[in-house]
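Please look through the sequence and the model shown below, and keep both at hand while reading. The report starts with a single loop residue, moves on to a second one, and then turns to helices and to the chain as a whole.

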Amino acid sequence: MSVRVTWWGHATVTVEDSGVRVLTDPLFVRRLAHLRRRRGALPPAEAARADLVLVSHLHADHLHLASLARLAPGTRLVVPHGATAAVPGLRRVVGARQLHVTEVWPGEEFAVGTLTVRAVHAAHDGRRLPCGPRRVPALGYVVRGAARTYFAGDTGLFEEMADEVGPCDVALLPVGGWGPFLGHGHLDARRAAVAAARLAPCSAVPVHYGTYWPIGMDAVRPHEFHAPGEEFERLAARLAPDVVVHRLGHGESVRPAVAR
C-alpha cells in the first residue's frame with residue numbers, strides 16, 4: 001500500500017498511510033499576528049479532515065487554536081506533555097470541539113488504527129510566550145505504517161538525531177522559517193541537507209518555508225522566503241545523493257518510494 005504526502009504550506013502536511021489520515025501542525029489562516037500568507041491558496045476544507053493530528057510544539061504557527069477549531073468533533077489530537085495546562089485556549093477548543101487529547105513525552109509510543117506513532121526529541125524552545133515560564137517539550141514524530149515517516153516539527157541539528165529517529169523512509173524536514181533570520185533551534189537549507197545525510201531516508205520533503213512572511217518586510221532578505229526549497233534540493237544532491245527530494249508546491253501531493 002502506497003503512502004501519500006500532501007504539503008499545505010508551512011509545517012502543515014497530510015500523511016495518508018494504511019487508510020489513516022495524519023495531519024501535522026495545522027495552520028489554515030491568511031494572517032497570523034504580524035505574518036501574512038504570501039504564497040499558496042489557503043488549504044481547502046478537506047485539509048482539516050484527519051484521523052489524527054500531531055502538534056509539534058506550542059508556538060502559535062504550530063499550535064494554532066483557530067485552525068484546531070476546524071477539526072471534526074472527536075478527532076484525536078496529540079500534543080507535547082503539559083500543553084493543555086500551558087495554553088488555556090487549547091482547553092477551550094478541545095472542550096468545544098470534543099477533541100480527544102493525548103499528551104506525550106519524547107520516547108512515548110501509541111497506536112492509531114494500523115499505525116504506530118512515536119514522539120521524538122526536537123532541539124527547539126517549546127514554550128508559548130508570553131503565557132508563562134512553564135516548560136513544555138518540543139517534539140518530532142515518527143509515523144510507522146506502510147512507511148516510516150519522520151515529521152521533524154521545528155528543530156535544530158542534534159547529535160543523537162539519527163539514533164532517536166531510527167530508520168525512516170520519508171523525512172519531512174523544515175528548511176526555512178517565516179522571517180529573514182532563523183534563530184537558534186531551526187534548520188536552514190544547509191543544516192536540513194546535513195540532517196538528510198544523517199537520517200538517510202529514501203525521500204525528503206522540504207517544509208516550513210515559502211508560505212508566511214512578516215508584513216512590510218517583503219524586501220528584507222527575500223531570498224530567505226523564496227530560495228530555501230531549491231537550496232535544500234541542491235545541497236541534498238551533494239550531501240545526501242541517495243535521498244530523493246520532492247519539492248512540492250502548496251497543495252501538491254507525492255507518493256514517495258518506500259524501502260522494501
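P43 lies in the loop between β5 (35-37) and β6 (52-54), where helices (H or I, at least four residues) and strands (E, at least two) are DSSP runs, numbered from the N terminus. This is a predicted model, in which local features need pLDDT of at least 70 and side-chain atom pairs count only at pLDDT 80 or more, while totals for chains, interfaces and linings use all residues. Residues are numbered from 1 along each chain as its sequence is written, and side-chain values use heavy atoms, with hydrogens and water left out.

P43 is buried, with a relative accessible area of 9%; here buried means under 20% relative accessible area, exposed over 50%, and partly exposed in between (1.4 Å probe, protein chains only). Not counting residues up to four places away in sequence, P43 touches W8, L27, F28, R37 and R70, a contact being heavy atoms within 4.5 Å. P43 and W7 are 36 residues apart in sequence, and their C-alpha atoms are 9.5 Å apart in space.

Is H208 buried or exposed? H208 is buried, with a relative accessible area of 1%. The side chain of H208 makes a polar contact of 3.2 Å with the side chain of H62, and it reaches the backbone oxygen of G176 at 2.9 Å. A polar contact is a pair of N or O atoms within 3.5 Å; within protein, one must be able to donate a hydrogen and the other to accept it, and residues adjacent in sequence count only if both atoms are side-chain atoms.

| Helix | Buried residues | Exposed residues on the face turned away |
|---|---|---|
| α3 (residues 88-97) | G89, L90, V93, V94 | R92, A96 |
| α7 (residues 228-239) | P228, G229, F232, L235, A236 | E230, A237, R238 |

In α3, the buried residues are G89, L90, V93 and V94. They cover an arc of only 140° around the axis, which puts them on the same side of α3; the arc is that of the directions from the helix axis to the C-beta atoms. Among the elements that cover these buried residues are α1 (65-68), β7 (76-80), α2 (83-86) and β8 (100-104). Just after α3, Q98 takes a positive phi of about 55°.

In α7, the buried residues are P228, G229, F232, L235 and A236. Seen down the axis of α7, they fall within an arc of 130°, so they line one face of the helix. They pack against β13 (170-174), α5 (189-199), β14 (203-207), α6 (223-226) and β16 (244-245).

For the protein chain as a whole, the secondary structure comes to 7 helices and 17 strands. Buried residues make up 54% of its 260 residues, and among contacts with a separation of 6 or more, 68% come from residues 24 or more positions apart. Along its principal axes, the C-alpha trace spans about 50 × 45 × 35 Å.

Notes. The expected span of a helix is 1.5 Å times one less than its number of residues.
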